[in-house]
Amino acid sequence: MAGDLLASAVPRAASYTIGASKVRSLGHINDFRSAIAGLAQDEEPALIAIRRELHAHPELAFEEHRTAGVVARELARLGISARTGVGRTGVVGTIQGGRPGPVLALRGDMDALPIEERTGLAFASQNPGRMHACGHDVHSSTLLGVAAILAKLAPQMAGTVRLLFQPAEEILGGAAAMIADGALDGVDVALGFHNHPEMPVGTFGAVRGATYAACDRFRIVVRGVSGHAAYPHTTVDPIVAAAQLVTTLQTVVSREIGPLDPCVVTVGAIHGGTVHNIIPDSCELLGTVRTLSASVRMQAEAAVRRICAGTDATLRTVSELHWAPGVPPTVNDDGVLQTAIAGVTRQLGEVLVPCEASMGAEDFAMIAERVPSFVLRIGSGAAGRNDHLHNSHYQPDEACIGLGAQALAGAALELLG
Ligand code: NI
């Protein structure tokens with residue numbers, strides 16, 4: 001899984017299984033190769049212009065009204081029927097192929113982050129405190145690029161492509177909202193993608209099995225008995241208990257979960273007390289747990305609960321643990337991965353680089369939980385830059401848009417057979 005270089009393992013023309021259905025990788029798909037490449041090249045300037053338009057007007061989760069308007073406008077220009085207001089601010093476009101076949105969902109997210117942009121770009125954010133720092137502007141324009149390519153090839157295409165322009169990925173809520181509105185009804189297979197600046201533009205990545213982590217959050221309120229700092233024996237000190245909790249929680253990963261099973265337990269905030277000479281009534285801890293499997297996820301939660309109870313028993317505090325389950329791990333289906341990667345390499349050559357599972361979370365997990373799916377990683381790193389997602393200086397190499405559209409169109413046609 002982690003560090004696997006899949007490109008070399010993928011044969012060029014063979015039979016692959018997607019879920020229950022057999023899809024043949026036929027020679028005629030090669031005819032599509034130059035058509036896709038030509039269309040991607042033609043569309044690239046327009047896609048970059050759209051990306052810059054979206055970048056200048058970033059919108060937060062479930063506020064993507066302007067962005068959805070741009071998407072709907074572009075789909076209309078391409079002659080693609082679309083439904084707006086799906087999952088509140090999402091857009092669903094449908095491309096019907098000329099032949100019968102499976103229904104493939106292609107998902108790109110649209111929302112921005114509450115970050116003040118510091119790139120100094122001519123097309124930098126015009127919305128104070130808002131920035132496309134995770135590249136979802138790139139994702140929206142890339143998916144529009146795939147739409148433009150596949151709309152032109154639709155008469156020769158088998159099956160149906162459903163384009164999911166998803167809101168609110170950053171709060172891990174948009175995928176569930178779109179699913180609740182029927183966006184996945186009748187879908188056989190799904191493709192997602194994310195830009196990765198740690199990978200140079202022109203490279204792509206595929207992780208077998210779990211590719212992004214489950215993300216759960218917790219809030220612990222440690223309650224004690226307040227009093228004078230000079231008379232600690234008359235109090236029950238929640239600060240000492242909170243400090244012990246923080247250190248004991250580190251043993252979940254180091255002493256309890258198997259060393260070959262990835263798990264992160266992070267306490268990201270502590271709030272307690274007011275001044276130096278008062279022992280307060282309570283202290284609050286906020287944290288997150290990231291895991292790559294259901295079993296480790298359950299094990300970690302049980303450990304956090306037990307440590308809270310154990311600390312209370314030891315130090316006389318009373319803790320309330322509020323556990324907020326987030327998204328499950330995003331798990332790639334091996335058959336879909338193999339077929340999609342065969343399409344990518346057929347389109348672009350040996351562009352796969354080794355990459356590992358990420359402990360970051362993706363709400364595409366909600367989709368991958370329901371239909372066989374694969375998330376393609378698209379290298380977006382610009383030469384000479386050392387960019388990170390969610391950074392106020394983040395600048396992806398815009399060449400990833402045209403290349404990403406080309407790769408995803410190739411993967412989509414391979415999956416549709
Ligand atoms: Ni993102």
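A salt bridge is taken here as a side-chain nitrogen of Lys or Arg within 4 Å of a carboxyl oxygen of Asp or Glu. By that criterion, the count between domain 1 and domain 2 of this predicted model is zero. The two parts in question are domain 1, made up of 20-212 + 329-416, and domain 2, which covers 214-324. Their C-alpha centres are 39 Å apart.

It is worth looking at what the two domains do share. Nine residues of domain 1 are in contact with nine residues of domain 2. Together the domains bury about 660 Å², and carbon and sulfur atoms account for 77% of that area. On the side of domain 1, P329, M359 and A361 supply 73% of the area buried against domain 2, more than any other three residues. The residues of domain 1 that touch domain 2 comprise seven nonpolar and two polar ones, with no charged residue among them. Polar contact between the domains comes to one residue pair, with both residues at pLDDT 80 or more.

Turning to the metal site, the nickel ion has three protein donors, namely C134 through SG, H136 through NE2 and H194 through NE2, at 2.1 to 2.3 Å from the ion. Along the chain, these donors follow the spacing C-x1-H-x57-H.

Conventions
Residues numbered from 1 in each chain as written. Predicted model: local features only at pLDDT ≥ 70, side-chain atom pairs only at ≥ 80, totals over all residues. Heavy atoms only, no water. Domains from an automatic or database assignment. Contact = heavy atoms within 4.5 Å. Buried area = accessible area lost by both parts, 1.4 Å probe. Polar contact = N/O pair within 3.5 Å; in protein donor to acceptor, adjacent residues only side chain to side chain. Nonpolar A, V, L, I, M, F, W, Y, C, P; charged D, E, K, R; others polar. Donors = N, O, S within 2.8 Å, 3.2 Å for Na, K, Ca; no water.
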